[in-house]
Amino acid sequence: MTTDLSKYRNIGIFAHVDAGKTTTTERILGLTGKIHKMGDTHDGDATTDFMDQERERGITIQSAATSCMWNDHRLNIIDTPGHVDFTVEVYRSLKVLDGGVGVFCGSGGVEPQSETNWRYANDSKVARIIFVNKLDRIGADFLNVVKQVKEVLGATPLVMTLPIGREDAFKGVVDVLERKAYVWDASGDPLAYTVEEVPADMVDQVEEFREAMIETALEQDDEALEKYLEGEEPSIETIKKCIRQGTNKLAFFPTYCGSAFKNKGVQLVLNAVVDYLPAPTEVPPQPEVDLEGNETGKFAIVDPKKPLRALAFKIMDDRYGALTFIRIYSGVLEKGTTVLNTFTGKTERIGRIVEMHADAREELESAQAGDIVAVLGMKNVQTGHTLCDPDNPATLEPMVFPDPVISMAVAPKDKAAAEKLGVILGKMIKEDPSFQVETDEDSGETILKGMGELHLDIKVDILKRTHGVEVEVGQPQVAYREAITAPVTDSYTHKKQSGGSGQFGKIDYTIEPGETGSGYVFESTVTGGNVPKEYWQAIEKGFQSMMQEGTLAGYPLQDLKFTLQDGQYHAVDSSTMAFEAAAKGAYRQSIPKAKPQLMEPIMKVDVFTPEDHVGDVIGDLNRRRGMIKSQDPTATGVRIKADVPLSEMFGYIGSLRTMTSGRGQFSMEFSHYMPCPSNIADEVIEAARERRKAS
């Protein structure tokens with residue numbers, strides 16, 4: 001059975017924390033007949049938030065994939081988290097989506113996190129429509145948010161609806177294209193609305209916006225635009241066709257308004273998803289890469305008849321076992337067949353395929369290009385792995401995840417917890433690639449690493465509550481780095497003679513600071529055969545293996561160039577092992593001479609504060625060694641952007657709430673590494689020495 005892919009929409013709903021993303025998803029599921037009693041994050045019973053942590057904090061941590069029908073179109077909806085520590089979830093979801101709905105709060109407008117998510121969506125070239133939500137809120141102002149979308153996001157909003165009434169008096173919306181007013185009664189029933197004429201006091205405004213909308217849309221069709229400028233009104237079909245084209249080219253973003261909580265305006269957003277967002281076949285196909293990650297020039301064309309290409313974009317553990325969420329790009333996935341995982345080189349048998357509805361599911365015999373489904377019982381599949389036809393292998397472009405910047409030590413409270421800890425952390429790493437776990441060999445401690453304080457807080461919470469593992473938690477630690485600041489030219493000879501054959505390797509080399517972000521660069525300028533070519537790799541590897549531990553405080557060394565200039569070898573005693581040992585000795589000898597310094601992670605911090613508290617917030621950021629980049633007044637306060645060292649940001653949310661009487665908000669993400677001031681570097685180095693002594 002093949003389905004008509006033009007009737008599919010794979011969409012994500014993404015936004016800032018508290019903009020009403022999950023409530024919007026709930027309303028969509030309610031309207032499409034998927035759930036009978038609509039939940040609310042307010043009451044903690046939303047369908048797509050089914051983890052305790054989500055219900056309690058009222059935030060979505062895991063994105064959940066859900067399918068529903070609207071106007072005989074099938075919508076696969078992925079609800080993504082808005083909190084910055086979980087942007088890796090947003091990034092993963094965007095990777096497999098064809099379109100999105102960006103939700104903005106009518107009073108908060110374009111908030112820090114919405115910017116990050118918007119940037120990710122631009123990078124992934126995902127077509128979007130905009131829904132300005134919460135127009136029933138005090139201070140809500142639709143046109144102000146439209147202005148912010150232009151100014152802050154640099155995007156072109158195409159206003160498709162206008163609100164009738166403001167704040168408490170908000171009762172409906174005008175469809176600008178059709179010139180119709182949709183007015184809801186006070187019952188809160190999403191279906192209790194009437195379609196009326198445009199209110200008399202809004203006619204001029206509607207005409208003004210309609211004209212602007214038509215002119216922008218018709219830029220997609222020169223012929224229609226010419227006729228329009230000569231006075232010929234285009235048909236609704238022509239305008240819709242142009243809006244669809246422009247939306248898919250990311251030329252503009254159809255913009256709607258409403259209140260999901262009060263059930264007003266959601267139908268028009270659903271109609272827009274069907275009318276303007278692309279079907280799987282209309283999105284540029286995914287490039288295929290070879291095992292080294294180089295593009296092969298081939299693409300995974302969305303077609304059930306082509307060989308199987310699918311991407312695992314999320315792993316979730318639930319009461320039925322591990323679920324692997326898969327987006328199928330081409331071909332058909334059938335129950336009982338064998339597929340190849342190109343990352344591991346192993347095959348996997350497809351056991352059960354299920355279509356997800358939040359935490360309920362429906363069994364399927366097969367799924368095909370364009371579908372998003374979950375598979376049970378996969379053994380070695382992780383996020384970003386490609387599953388394909390074993391007879392016709394290819395890899396889809398893998399996902400790239402950022403390095404963690406913060407770590408925290410945890411220790412099990414008792415023997416029972418110790419036994420469970422390893423297994424459960426293993427599952428958690430599979431679910432979230434931005435979360436890493438290491439064991440400190442000296443102290444035997446388990447170190448959790450993540451993207452921010454909240455990220456790790458929630459991981460510990462999941463350990464304790466979801467899995468019942470009690471752990472003691474240490475202070476959060478910053479992921480410092482080390483870097484050299486001066487070039488050093490040096491020579492090192494490794495010589496060992498102990499009965500039988502000895503070991504010999506001499507190298508002459510220069511080490512120098514590399515460009516920011518260049519990592520480790522190895523070059524050889526040896527001419528003649530003083531150091532035979534077969535030993536170069538051993539030298540490169542030997543030096544690199546030492547860079548995990550800097551000579552100042554034991555933090556990894558970054559951005560360094562090693563140039564092998566000359567050396568000597570011995571016909572009998574030289575070996576790859578001897579030259580690797582020479583490179584390790586060279587590291588220990590020369591790095592301390594290259595004026596190493598400690599580097600600290602700097603975070604891009606974005607703070608929102610009411611106007612009365614701006615002075616306090618800026619003063620506090622300065623005390624935290626922050627560099628203020630900009631301050632912009634918004635409708636409801638001021639946004640301050642600053643670069644602040646991570647080490648100064650622990651516990652910031654508490655201080656910000658105290659300073660702003662609970663009204664401040666902030667988000668932060670890693671920006672870059674900077675040299676650490678000497679007084680702070682001394683403390684960090686001293687603490688590292690103490691740790692070494694203790695262990």
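What follows is a chat about a predicted model of a protein chain.

Q: OK, on to the inside: how many residues has the largest nonpolar core?
A: The largest nonpolar core has 70 residues, and those with the most contacts inside it are Val101, Met213 and Ile243. Helix 9, which covers residues 266–276, gives the most to this core, namely eight residues.

Q: What is Ile243 in contact with, leaving aside its neighbours within four places in sequence?
A: With those neighbours left aside, isoleucine 243 is in contact with Leu158, Met160, Met213, Ala217, Phe252, Pro254 and Tyr276.

Q: Which residues does the second, separate core include?
A: That core has 46 residues, and Val617, Leu621, Val638 and Tyr652 are among them.

Q: Switching to strand 11, how many of its residues are buried?
A: Strand 11, residues 253–257, is mostly covered, since five of its five residues are buried. Phe253, Thr255 and Cys257 point one way from the strand, while Pro254 and Tyr256 point the other way.

Q: Which way does strand 5 run against strand 11, parallel or antiparallel?
A: Strand 5, residues 127–133, runs parallel to strand 11, and three bridges join the two; in this pairing phenylalanine 131 stands opposite tyrosine 256 of strand 11. Strand 6, residues 157–159, also pairs with strand 11 in the parallel sense, over three bridges, and there leucine 158 has proline 254 as its bridge partner.

Q: Now the helices: at what angle do helix 6 and helix 7 pack?
A: Helix 6 (residues 203–218) and helix 7 (residues 222–229) pack at an angle of about 145°, and their axes are 8 Å apart.

Q: Which residues make that contact?
A: Helix 6 brings Glu211, Ile214, Glu215 and Leu218, and helix 7 brings Asp222, Ala224, Leu225 and Tyr228. By class, the contact between the two helices has five nonpolar, no polar and three charged residues.

Q: What about the sheet of four strands, in what order do they come?
A: The sheet is open, its strands come in the order 26-27-25-28, and the pairing is antiparallel.

Q: Why is one side of strand 26 and of strand 28 left without a neighbour in the sheet?
A: Strand 26 (436–439) and strand 28 (471–478) stand at the edges and have a single partner strand each, so one side of each is left without a neighbour in the sheet. On average, neighbouring strands of this sheet are turned by 25° against each other, direction ignored.

Q: And how many bridges pair strand 25 with strand 27?
A: Strand 25 (residues 406–412) and strand 27 (residues 446–450) pair over five bridges in the antiparallel sense, with alanine 409 standing opposite isoleucine 447 of strand 27.

Q: Which helix packs on the sheet?
A: Helix 11, residues 453–466, packs on the sheet and touches strand 25, strand 27 and strand 28, and its direction makes about 20° with that of strand 25.

Q: Last one: is arginine 481 buried or exposed?
A: Arginine 481, whose place is in strand 29 (residues 481–484), has a relative accessible area of 17%, so it is buried. Leaving aside neighbours within four places in sequence, arginine 481 is in contact with Tyr555, Pro556, Gln558, Gln597, Leu598, Met599 and Tyr673.

Technical notes:
Residues numbered from 1 in each chain as written. Predicted model: local features only at pLDDT ≥ 70, side-chain atom pairs only at ≥ 80, totals over all residues. Heavy atoms only, no water. Core = buried A, V, L, I, M, F, W, Y, C linked by side-chain atoms within 4.5 Å. Buried < 20%, exposed > 50% of the residue type's maximum accessible area, 1.4 Å probe, protein only. Contact = heavy atoms within 4.5 Å. Axes fitted to C-alpha atoms, helices over the stretch in contact; angles between N-to-C directions. Nonpolar A, V, L, I, M, F, W, Y, C, P; charged D, E, K, R; others polar. Pairing = 2+ DSSP bridges.
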